[in-house]
Amino acid sequence: MKRNVGPDNRIPDRLGRLWELANDLSWTWNPAAPALFRAIDPPLWRRTRRNPVALLRAIGNTRWNELADDDGFLRRYDVACHARDRVSGGGESAAPTWFDRCYPEFAESPVAYFCAEFALHESIPIYSGGLGVLAGDHLKAASELGVPLVGVGLMYAHGYFDQTLGPDGWQEDADDPLDPDLTPLEQLQGADGVPWLASLQGGGRRIHIGAWKLRVGRVSLYLLDTDLEENDPADRGLSHQLYAGGADHRLRQEAILGVGGVRVLAALGIEPGAWHANEGHAAFMMVERVRRLVRDGQSFADAVSRIRASTVFTTHTPVSAGHDVFSHAQMREWIGETFWEEIAHRDELLGLGLHPDDEAQDRFHMTAAAIRLSRRVNGVSARHGRVSREIWRGLWGDRAAGEVPIRHVTNGVHLATWMSDDIAGLLDEWLPGEWRHGPGDEAVWRAVRDVPAEALWHVRRRLKLRLLDLMREEARRRWPDHWPESAHLAGAGTLMSPEPLTIGFARRFASYKRADLIFRDRDRLLALLSDPARPVQLIFAGKAHPRDDDGKRVLQRVYEHTRDPEFEGRVAFLENYGLHTAHGLVEGVDLWLNLPRVPLEASGTSGMKAALNGIPQLATADGWWEEGFEGDNGWIIPSAPAAASEEKVDAHDAEHLFRLLEEEVIPLYYDRPGGGSGDDAPAGWLAHARRAIEVAGARFTAGRMVRDYARDYYVPSLRGDA
């Protein structure tokens with residue numbers, strides 16, 4: 001599997017940096033690079049699903065010679081190389097980064113960032129959804145800001161899964177394999193050329209761990225791999241697929257991530273000064289570091305204290321199923337040898353994962369262990385911080401929830417990744433010069449209010465047409481092999497028009513996210529969708545976890561409406577939701593819908609992505625929206641009475657959803673001069689759209705988020721502050 005040699009064909013010297021561009025994922029937010037790769041061969045760019053490595057490997061010498069003589073292409077190439085140097089810190093265009101300027105004493109002190117998934121590009125399918133996208137955006141923003149981050153994850157050679165829906169709407173899952181030869185992955189070697197860098201004991205066997213490296217601008221991401229010939233067949237599959245298998249499999253995967261990650265970094269000579277566990281999946285990273293200190297002669301208490309001082313932990317979910325728990329029996333059987341070799345502190349190590357509210361007291365709670373071993377703990381929105389303090393207050397004895405030291409850093413999204421080029425190009429005309437790279441100054445973003453309504457409306461119309469083209473393209477691609485019935489075509493949105501108000505809902509399908517809430521009153525919804533004067537259409541996308549049958553049933557209920565003739569093609573489901581289709585949706589719809597049952601949504605970053613593109617959100621008062629809603633950048637569903645049953649909460653939220661749509665949202669969208677043709681700009685609606693961009697750009701980008709982490713979490717950890 002070793003790779004990362006150049007393509008077999010010879011790229012001319014004048015274009016010699018193309019391979020360098022393709023093998024650094026900073027191209028994904030380099031404004032010049034995608035257009036450059038597309039210009040090489042537009043049909044092939046589409047067929048390779050926008051994968052520059054696959055593209056470069058397929059181009060023949062004749063085309064290379066043509067490009068080397070094309071002055072226009074050479075100018076594009078030089079611009080892309082210059083931009084690459086800027087975002088990756090190379091070349092003469094490199095300048096001191098934000099982190100260099102603010103914290104020069106720590107510029108060479110790595111921060112290790114552990115996460116179970118990373119979403120960086122669709123050609124590397126090692127992510128399932130929001131957590132992975134957030135982690136990928138974190139790496140990109142760290143690169144831009146110059147934060148000396150190294151990422152650690154797992155190399156899922158079989159990907160997450162490819163989604164298809166049967167005629168009845170039931171989700172069917174298939175492998176989405178990753179071909180290293182068509183990615184920027186570089187396989188690393190250990191001492192004496194062996195394919196592994198570290199190992200651990202598990203299940204009575206030695207498990208060898210290899211690693212692959214991805215370059216993300218200034219940041220390196222190391223992906224751990226057990227699919228090695230040296231390993232037992234049962235262990236080779238540990239790194240095959242994300243969130244696969246049962247509890248034993250998950251336990252061993254998380255040991256590979258946490259324990260293996262610490263050992264691989266040590267083998268590479270990387271000595272982090274601060275460590276960040278992004279969700280409880282990575283808690284064994286902290287336990288392993290305690291073990292190593294005790295092995296080297298420190299007392300258990302001193303080891304815990306030292307690890308706590310340099311560790312940051314971010315919890316991402318208030319949903320109990322999102323927190324991994326393993327029995328002590330599982331721990332002893334599968335990874336006991338790893339943690340208890342060389343030291344005799346079994347009870348103390350197991351005690352790190354005890355939860356005082358768990359009557360069994362023989363289970364290891366990964367989140368509890370992570371909290372105990374981190375001095376700096378945070379939720380991912382202001383509301384989630386409050387909820388987390390309440391959930392985990394038991395770890396602090398009798399302390400009141402308000403005194404629990406769990407803070408929050410509200411999530412953000414990577415601006416250059418998620419704002420469309422069309423919107424960014426428009427803002428270039430109205431915002432101060434360095435707005436794309438600035439600190440999120442609200443005064444800078446206030447200039448969005450000056451963007452003319454007609455100009456913004458023109459861009460918004462273009463993005464909607466592009467989304468409808470994407471849906472038809474996806475339908476053509478999937479029709480021959482995946483869809484046995486022509487009814488799939490209408491359900492895929494091929495009949496949708498650019499004129500109606502288009503509402504988007506795209507995220508993981510879980511019952512608490514309530515994708516089917518809008519179908520609670522069928523007649524009322526039908527009246528909205530089929531109104532000839534003010535029509536509405538709905539687009540849904542997302543995957544249910546392969547083992548979440550409740551989530552699959554929600555998805556099935558939504559899908560059934562795409563095949564209902566009464567809705568006349570006004571409800572669509574976009575299958576196999578991934579990064580590319582996510583871009584189309586968060587850029588192309590008119591309104592973003594998010595309906596989690598409060599307070600179960602920790603953050604909900606999809607609405608931030610939509611807002612950056614001038615798409616207001618209608619959502620419950622959960623996650624980021626509680627602090628992001630300003631009254632004129634979208635709409636909020638008021639919270640139901642605290643003591644209400646789940647059924648009454650759903651009824652309350654559905655009623656307010658319909659009332660907002662009927663009385664405020666739809667009338668505002670269709671309030672246009674002269675009766676309202678599609679070309680007429682709805683001034684009131686576009687005022688909301690401008691405010692959506694302004695608020696998201698000033699307060700909810702990954703740049704702001706990573707600055708917060710660096711200033712309030714990483715630097716204090718590097719300093720060893722109490």
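Predicted model: local features only at pLDDT ≥ 70, side-chain atom pairs only at ≥ 80, totals over all residues.
1. Contact, as the word is used in this note, means heavy atoms within 4.5 Å.

2. H414 is found in the loop that runs between strand 14 (406-408) and helix 17 (415-418). When its neighbours within four places in sequence are left aside, H414 is in contact with W29, D137, K140, A141, E144 and A702. One of these residues, E144, is also joined to H414 through a polar contact of 3.0 Å between the two side chains.

3. Is H414 buried or exposed? Its relative accessibility is 1%, and because buried means under 20% relative accessible area, H414 counts as buried.

4. As for the aromatic rings, the count of aromatic pairs comes to 25. Y709 and Y714 make up a pair that is stacked, with 5.9 Å from centre to centre and 20° between the planes. Y709 counts as buried at 2% relative accessibility, and Y714 likewise counts as buried, at 1%.

5. Which residues form one aromatic cluster? The cluster is made up of F505, F509, F519, F540, Y559 and F573.

Notes: Residues numbered from 1 in each chain as written. Heavy atoms only, no water. Phe/Tyr/Trp six-rings, centres within 6.5 Å; stacked < 30°, edge-to-face > 60°. Buried < 20%, exposed > 50% of the residue type's maximum accessible area, 1.4 Å probe, protein only. Helix = DSSP H or I, 4+ residues; strand = E, 2+ residues; numbered from the N terminus. Polar contact = N/O pair within 3.5 Å; in protein donor to acceptor, adjacent residues only side chain to side chain.
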